[in-house]
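Here is a short briefing on a protein model. Look at the sequence and the fold, then read on by topic.

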Amino acid sequence: MNAKRLGFGLMRLPSLDPSDPGKIDIELSKKLVDIFMEKGFTYFDTAWMYCGFQSESAAKEILVDRYPRDSFTLTTKLHAGFLKTKEDRDRIFNEQRRKTGVEYFDYYWLHDINIHSIEVYERLDCFEWLKEKKASGLVKHIGFSFHDSPELLDKVLTEHPEFEYVQLQINYLDWENPAIQSRKCYEVAEKHDMPVIVMEPVKGGTLAKVPEETERLFKQCRPDASVPSWGIRFAASRKNVVMVLSGMNTVEQVLDNTSVMSDFQPISEAENDLIRKAVRIINSSIAIPCTGCEYCMAGCPQDIKIPKIFSLYNADKQEVETKGWTPQGEYYDNLIKNTGKASDCVECRQCEGVCPQHLPIVDYLKDVAEYFGK
């Protein structure tokens with residue numbers, strides 16, 4: 001991958017109607033693409049369902065129809081949620097080519113491999129299908145995006161050495177999150193010498209609006225740097241990260257991100273210490289003050305992974321309301337496939353008897369069950 005290491009994520013394009021992401025502001029989007037390209041960045045990432053299924057069509061209008069094919073790289077994805085038969089694979093793929101207006105895709109992913117979707121991909125032989133697409137020249141490079149455990153990631157990379165890239169959620173707030181496990185997933189990719197493409201470096205805008213105390217820390221260290229730039233630089237500083245995606249919908253965001261990555265300066269150790277302090281400040285305002293000690297889990301008759309469930313709930317409550325889709329609900333669904341869910345609690349209160357923080361765990365589990373039950 002020879003492109004500059006900032007990718008334009010086409011998941012959150014500017015909309016003419018805040019309640020309808022499918023009503024894309026095409027003219028503003030063209031302007032954002034033009035600035036991005038003028039700055040020397042060429043990587044664009046879309047998918048079948050982005051922007052109310054309109055992102056791929058928008059990519060044609062704002063990019064493909066306006067620039068020579070060899071001047072940009074385009075990625076899209078096949079999502080298990082829309083596959084019922086083997087025929088669906090080519091039906092969707094061909095429609096994606098029609099919508100985007102390209103003869104081939106530079107990069108093509110299996111979208112969101114997780115404990116649920118991998119059953120679909122295996123049943124419909126999508127791994128071999130994707131290899132065939134590459135062999136035919138319709139896809140230049142193959143990979144997958146991932147929202148699940150490091151153990152599953154290790155299994156996929158071990159069983160499928162044909163993959164060339166993996167797309168992971170990496171940002172400083174999720175780096176040590178016990179449920180999302182960004183660092184551990186990254187380390188698995190590193191173990192397999194697998195190049196990483198980063199998604200959610202600013203958590204869809206969540207890390208652009210941090211607590212005032214955190215913002216002061218950042219500004220004292222780098223007065224001229226934006227708050228979101230800390231997230232971009234944190235992700236890009238990992239040694240085998242080859243691309244950092246950012247969903248940009250304003251001119252200011254494009255100018256800021258391209259400036260950061262045009263003159264990239266890796267996070268220093270002193271800045272890493274500051275980021276760890278920032279994470280503690282952000283997490284101090286979390287909804288459930290669980291420390292993740294896991295004492296509560298040993299005697300749970302329903303095998304509920306209480307700390308991980310609380311961690312996902314906390315992470316989702318921290319998201320900005322304007323973001324729309326967030327990944328924590330999916331992580332929750334993946335977690336409870338083979339373990340207890342929050343609503344399985346039988347209120348035996350064994351967990352509360354051993355909790356060092358004396359948390360009302362049963363009440364919190366009810367909150368979580370209602371929240372993710374939606």
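Four bridges join strand β1 to strand β8 (residues 241–247), and the two run parallel. Strands here are DSSP runs of E with at least two residues, helices are runs of H or I with at least four, and both are numbered from the N terminus. Two strands count as paired if DSSP finds at least two bridges between them. This is a predicted model: local features need pLDDT of at least 70, side-chain atom pairs count only at pLDDT 80 or more, and totals for chains, interfaces and linings use all residues. Residues are numbered from 1 along each chain as its sequence is written, and side-chain values use heavy atoms, with hydrogens and water left out.

**The barrel**

- G9 stands opposite G247 in β8.
- On its other pairing, β1 (residues 6–9) meets β2 (residues 43–45) in the parallel sense, over three bridges.
- In that pairing, F8 stands opposite F44 in β2.
- L6 and F8 point one way from β1, while G7 and G9 point the other way.
- All of these β1 residues are buried, where buried means under 20% relative accessible area, exposed means over 50%, and partly exposed lies in between (1.4 Å probe, protein chains only).
- How do the eight strands close up? They form a barrel in the order β1-β2-β3-β4-β5-β6-β7-β8, with parallel pairing.
- Neighbouring strands of this sheet are turned by 30 degrees against each other on average, direction ignored.

**Helices on the sheet**

- Helix α4 (residues 87–100) packs on the sheet and touches β3 (73–79), β4 (105–113) and β5 (139–146).
- The direction of α4 makes about 130 degrees with that of β4; axes are lines fitted to C-alpha atoms, for helices over the stretch in contact, and angles run from 0 to 180 degrees between N-to-C directions.
- Helix α7 (residues 150–159) lies across β4, β5 and β6 (165–169).
- The angle of α7 to β5 is about 155 degrees.

**Nonpolar cores**

- In soluble globular proteins, nonpolar side chains tend to be buried together.
- A nonpolar core is a set of buried Ala, Val, Leu, Ile, Met, Phe, Trp, Tyr and Cys residues joined through side-chain atoms within 4.5 Å.
- The largest such core has 88 residues.
- Which residues have the most contacts inside this core? They are F8, F44, L110, I113, F144, F163 and Y172.
- Y172 is in contact (heavy atoms within 4.5 Å) with residues including L207, F218, W230 and I282, leaving aside neighbours within four places in sequence.
- A second, separate core of 24 residues includes I180, Y331, L335 and A342.

- T214 lies in helix α9 (residues 212–221).
- T214 counts as buried, at 0% relative accessibility.
- T214 touches A278, I281 and I282, not counting residues up to four places away in sequence.
- T214 and I282 are 68 residues apart in sequence, yet 7.3 Å apart in space, C-alpha to C-alpha.
- T339 sits in the loop between α14 (328–335) and α15 (350–354).
- A polar atom of the T339 side chain lies 2.7 Å from the backbone oxygen of L335.
- Beyond its neighbours within four places in sequence, T339 is in contact with D303 and K305.

**Cysteines**

- How many disulfides are there, taking a disulfide as a pair of cysteine sulfur atoms within 2.5 Å? The count is zero.
- The sulfur of C300 is 6.4 Å from the closest cysteine sulfur, in C348, so it is too far for a bond.
- C300 is buried, with a relative accessible area of 19%.
- For C348, the nearest cysteine sulfur is that of C351, 6.1 Å away, and C348 is in no disulfide.
- C348 is partly exposed, at 40% relative accessible area.

**Positive phi angles**

- D125 is not a glycine, yet its phi is positive, near 55 degrees.
- D125 is in the loop between α5 (117–123) and α6 (126–135), and is partly exposed at 34% relative accessible area.
- Q181, also not a glycine, has a positive phi of about 55 degrees.
- Q181 is found in the loop between β6 and α8 (182–191).
- Is Q181 buried or exposed? Q181 is buried, with a relative accessible area of 9%.

Key: Polar contact = N/O pair within 3.5 Å; in protein donor to acceptor, adjacent residues only side chain to side chain. Disulfide = S-S within 2.5 Å.
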